[in-house]
Amino acid sequence: MMSLTDLATQALEEMKASLLAIREEELQQVLQEIAQAQRIALHGVGREGLMIKALAMRLYHLGLDAHVVGDMTTPPIGEGDLLIVSAGPGGFSTISGLIGVARSAGARTLCFTSVPSGASAAQCDVIMELPAQTMANDQGGAVSILPMGSLYEGVQYVIYELLILRLREHLQEAPEQMRARHTNLE
């Protein structure tokens, strides 16, 4: 049995390798898309969806008009708006359906994925590749010590927080302004 230190070291090394392989120009393009959007809707499935919800919360903390698809208060999107989705393995039928609706309404689309050539990802205006194992490639050769798609989901969380730091600087938002938008109903 591996020690906790060995497990943590290996997991962190895998996350570090994935994060360092992300292209700076893709992050910059994502930043521009988000900063220009009037309204932002976000969606992901499973644990990817939990990470997308974390991103939606931080975008709201930055003062952006961000909503999670499926929530009762999510408004319609259209021209000038942005749909952000996660499709780690490249495609999900629900994600593809939402992309189609958003594009028909005139919204731009952005996909975080590990497989840029995947069916859902390929439909989007902007693709940001997160080079990490998902459930689509968690068997066979070299696999992560983390189960199933956990490496991808961990990379999502960290890159989303780094994106927020860049957006905060770009939007000239102070940490105090973000904190002031945090709910007091906890």
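## Helices across the sheet

Helix α3 lies across β1, β2, β3 and β4. Its direction is about 160° to β1. Helix α2 also lies across strands: β1 (40-43), β3, β4 and β5. Against β5, helix α2 runs at about 135°. The model behind these values is predicted.

## The sheet

Five strands make up an open sheet with parallel pairing. Their order is β2-β1-β3-β4-β5. Strands β2 (66-68) and β5 stand at the edges. Each has a single partner strand, so one side of each is left without a neighbour in the sheet. On average, neighbouring strands are turned by 20° against each other, direction ignored.

Strand β3 (residues 82-86) pairs with β4 in the parallel sense, over 5 bridges. Within that picture, Ile84 has Leu110 in β4 as its bridge partner. Strands of a sheet pair through backbone hydrogen bonds, either parallel or antiparallel.

Side chains of opposite charge can pair when their charged atoms come close. The count here is 10 salt bridges. One of them joins Arg166 and Glu24, with the closest N and O atoms 2.6 Å apart. Arg166 lies in helix α5 (residues 150-171) and Glu24 in helix α2 (residues 24-36), so the pair ties together parts 142 residues apart in sequence. Arg166 is partly exposed, at 32% relative accessible area. Glu24 is also partly exposed, at 43%.

Glu153 forms a salt bridge with Arg47. Their closest N and O atoms are 2.6 Å apart. Glu153 sits in helix α5 and Arg47 in helix α3 (residues 46-61), so this pair ties together parts 106 residues apart in sequence. Is Glu153 buried or exposed? Glu153 is buried, because its relative accessible area is 11% and the cut-off for buried is under 20%.

Asp125 counts as partly exposed, at 32% relative accessibility. Arg108 counts as partly exposed too, at 37%.

Note on methods:
Residues numbered from 1 in each chain as written. Predicted model: local features only at pLDDT ≥ 70, side-chain atom pairs only at ≥ 80, totals over all residues. Heavy atoms only, no water. Salt bridge = Lys/Arg side-chain N within 4 Å of Asp/Glu carboxyl O. Helix = DSSP H or I, 4+ residues; strand = E, 2+ residues; numbered from the N terminus. Buried < 20%, exposed > 50% of the residue type's maximum accessible area, 1.4 Å probe, protein only. Pairing = 2+ DSSP bridges. Axes fitted to C-alpha atoms, helices over the stretch in contact; angles between N-to-C directions. Contact = heavy atoms within 4.5 Å.
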